[in-house]
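Dear colleague,

Please find below the structure that I am handing over to you. My notes on what was found in it follow directly after.

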Amino acid sequence: MENAILNLPPDQEQMVWLIDFSGFNLSHISLKVTRETAHVLQDHYPERLGLAILYNPPKFFEPFWMVAKAFLEPKTYNKVKFVYSDEINTMKIVEDLFDMDYLEAAFGGKDSVGFDITKYAERMKEDDKRMPSFWTRASSPSAAPQPDLASATLDSLNLDSNSDASDDDKTEGSMPHGIDSDTVFTDENTLVIDGGKKESESESEDPHRTDVKPDDKAHA
């Protein structure tokens with residue numbers, strides 16, 4: 001999250017998460033970790049999430065999601081969308097947000113380069129060097145406040161927590177067949193989380209990988 005915030009432009013506060021479930025299995029599920037993650041994100045990074053896209057989650061994840069929602073505020077879980085590569089209506093969410101020419105092929109895009117752990121590590125090292133000066137500047141009294149994100153693309157997805165009539169409708173809107181129509185390496189303002197596929201390449205015990213890279217269409 002710190003690296004993602006570091007790479008946001010000055011006039012932007014929110015990000016899009018594109019979460020890859022390739023290689024995800026039952027051993028990756030933990031209510032304890034989910035609860036702790038929800039606490040950190042909601043209490044320490046409020047309103048940072050613009051939209052979270054769960055890409056090709058396995059069917060066994062759906063009942064887990066119903067339980068995990070209890071740890072999230074309604075305005076947060078309404079920003080979570082299930083997207084499946086074989087469902088055109090859900091893929092439209094990705095197509096509307098990202099330039100498919102630059103989106104990684106693993107997410108249905110045309111970029112076949114893929115993830116390079118060496119380049120990612122170098123990028124994180126550069127971010128580490130920038131971090132102290134970034135937070136010193138951000139904490140300065142003279143630092144200008146950042147305005148709220150105003151994104152027509154995200155607004156068009158009706159992410160307002162009050163836009164749905166009931167909790168049942170909200171749940172249905174998050175499920176695979178109820179979607180109305182923060183990468184990989186497409187947008188500096190987009191957070192990508194890789195769930196399991198690159199576990200052996202990760203620098204931590206968590207199988208999820210985060211990164212940010214530029215894109216003309218997705219501003220999160």
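Does N7 count as buried or exposed? In this predicted model, N7 counts as buried, at 8% relative accessibility, since the cut-off for that class is under 20%. N7 sits in the loop between α1 (2–6) and β1 (15–20). Its side chain reaches the backbone oxygen of N3 at 2.8 Å and makes a polar contact of 3.0 Å with the side chain of D127. In sequence N7 and D127 are 120 residues apart, yet their C-alpha atoms are 8.4 Å apart in space.

Overall architecture

The protein chain contains 8 helices and 5 strands, which follow one another from the N terminus as α-β-α-β-α-α-β-α-α-α-α-β-β. Of its 220 residues, 46% count as buried.

Nonpolar cores

The largest nonpolar core has 25 residues, and L54, F61, W65 and F82 have the most contacts inside it. Two or more residues each are given to this core by α1, β1, β2 (49–55), α3 (61–68), β3 (80–83) and α6 (117–138). The largest share, 4 residues, comes from α3. Another core, of 14 residues, lies apart from it and includes V16, L18, L97 and F107.

In helix α5 (residues 88–97), the buried residues are T90, M91, I93, V94 and L97. Viewed down the axis of α5, these fall within an arc of 135 degrees, so they line one face of the helix.

Salt bridges

The whole structure holds 10 salt bridges. Two of the pairs lie within single helices:

- E36 and K32 form a salt bridge with the closest N and O atoms 2.7 Å apart; both lie in helix α2 (residues 31–44), 4 residues apart, or about one turn. E36 is partly exposed, at 40%.
- E126 and K129 meet at 3.5 Å, N to O, and are separated by about one helical turn because they are 3 residues apart in helix α6. E126 counts as partly exposed, at 41%, whereas K129 counts as exposed, at 62%.

A further pair joins E47 to K79, with the closest N and O atoms 3.7 Å apart. E47 lies in the loop between α2 and β2 and K79 in the loop between α4 (74–77) and β3, so the pair ties together parts that are 32 residues apart in sequence. E47 is partly exposed, at 41%, while K79 is buried, at 11%. Both belong to a network of salt bridges that links E47, E73, K75 and K79.

With kind regards

Technical notes. Residues numbered from 1 in each chain as written. Predicted model: local features only at pLDDT ≥ 70, side-chain atom pairs only at ≥ 80, totals over all residues. Heavy atoms only, no water. Buried < 20%, exposed > 50% of the residue type's maximum accessible area, 1.4 Å probe, protein only. Polar contact = N/O pair within 3.5 Å; in protein donor to acceptor, adjacent residues only side chain to side chain. Arc of directions from axis to C-beta. Core = buried A, V, L, I, M, F, W, Y, C linked by side-chain atoms within 4.5 Å. Salt bridge = Lys/Arg side-chain N within 4 Å of Asp/Glu carboxyl O.
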